[in-house]
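Here is my note on the model, as numbered points. Please keep the structure open while you read.

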Amino acid sequence: MDLSAIVDRLDDRLRTDDFADLDASANGLQVGPDEKQVERVAVAVDGVAETFERAIEADADLLVTHHGVSWGGFDRVTGRTYDRLEPLLANDLALYVSHLPLDGHQELGNAAGVADVLGLEDRSPFGELGPEYIGQRGTAPEPYSREQLCDELEDELRTGDRPVRCLEFGPDEVEDVAIVTGSGTDWLDEAVAAGADALVTGEGKHQVYHEAREAGINVVLAGHYATETFGVRALQDLVEDWGLETTYLESPTGL
């Protein structure tokens, strides 16, 4: 399949253009020629040296990641930036990236994947960012205890043996859950205003401890990497349906 056709399909499905003014990441095709034939696609959470090397070893023509190499562009392609890009260029490996579009996609996204793990129903977009949303909110059919909620996430997520941490400042029983994956504690006030019993995210900033305590809400920190594997795995299934060979490159950070 032509690379341009794959890029067009992914951009359309993920609504990449709608996030152009909202995301520091250069979403879409970050590295690659205008035209190239693609037979094998690798997917990974992070576009870094390790996943580049493993994609090359897997003879991939295209690597699709959640975190890419361009955050606001490059001033110079030297030093570590050159070292990171050189394997892509030397081996004709294209890189497609979807950051916030893949966080908040209500079917394919990371937050949707976490909601699937928890079996949430009556879902709606959550995590406002301008006119878009980067998370999801839903209701558990049977309330979780705080311990059960954390245990379920710890059992099902790829945490790299990292424990799921819960700031237990909200109700003992958790039914209404708001989710913003990765680093999502900036949406704590929105979760409180929505009446959520818990905000599930990946990692927290120092001040979230006191903010959650003062607001009376549970905050679950399940790992940045662990909460953001779902989107690229969903894209893997999608491109397989298009007739392409795929491979998933697991590289948990434990963070």
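1. Overall make-up. The chain has 9 helices and 11 strands. Both are DSSP runs, numbered from the N terminus: helices are H or I with at least four residues, strands are E with at least two. The radius of gyration is 19 Å, close to the 18 Å from the globule rule for 255 residues, so the chain is as compact as a globular protein of that length. That radius is taken over C-alpha atoms, and the rule is 2.2 Å times the number of residues to the power 0.38. Along the principal axes, the C-alpha atoms fill a box of roughly 55 × 40 × 35 Å.

2. What you are looking at. This is a predicted model, in which local features need pLDDT of at least 70 and side-chain atom pairs count only at pLDDT 80 or more, while totals for chains, interfaces and linings use all residues. Residues are numbered from 1 along each chain as its sequence is written, and side-chain values use heavy atoms, with hydrogens and water left out.

3. Of the 255 residues, 51% count as buried. Buried means under 20% relative accessible area, exposed means over 50%, and partly exposed lies in between (1.4 Å probe, protein chains only). A contact means heavy atoms within 4.5 Å. Take the contacts between residues at least 6 apart in sequence: 67% of them join residues at least 24 apart.

4. Charges. The chain carries 18 positive and 54 negative charges, and their mean positions are 4 Å apart. Lys and Arg count as positive, Asp and Glu as negative; His and the chain ends are not counted. Each charge is placed at NZ of Lys, CZ of Arg, CG of Asp or CD of Glu.

5. Helix α5. How many of the 9 residues of α5 are buried? The count is 8, so α5 is largely enclosed by the rest of the structure. Among the buried residues are Asn110, Gly113, Val117 and Leu118. Just after α5, glycine 119 takes a positive phi of about 65°.

6. Helix α6. This helix spans residues 146-156, and Arg146, Leu149, Cys150 and Leu153 are buried in it. They cover an arc of only 90° around the axis, which puts them on the same side of α6. The arc is that of the directions from the helix axis to the C-beta atoms. An α-helix has 3.6 residues a turn, so residues three or four places apart point the same way. On the other side of α6, Glu147 and Asp155 are exposed. The buried residues of α6 pack against several elements, including α5 (110-118), β6 (132-145) and β8 (173-179).

7. Glutamine 148. This residue is also in α6. At 44% relative accessibility, glutamine 148 counts as partly exposed. Its C-alpha atom is 9.4 Å from that of glutamate 173, which is 25 residues away along the chain.

8. Glutamate 132. Leaving aside neighbours within four places in sequence, glutamate 132 is in contact with Arg15, Asp18, Phe19, Leu22 and Gly127.

9. Two loop aspartates. Most residues other than glycine have a negative phi. Aspartate 59 has a positive phi, near 60°. It lies in the loop between α2 (49-57) and β3 (62-67). Aspartate 92 has a positive phi near 55°, and its place is in the loop between α3 (79-90) and β4 (94-97). At 44% relative accessibility, aspartate 92 counts as partly exposed.
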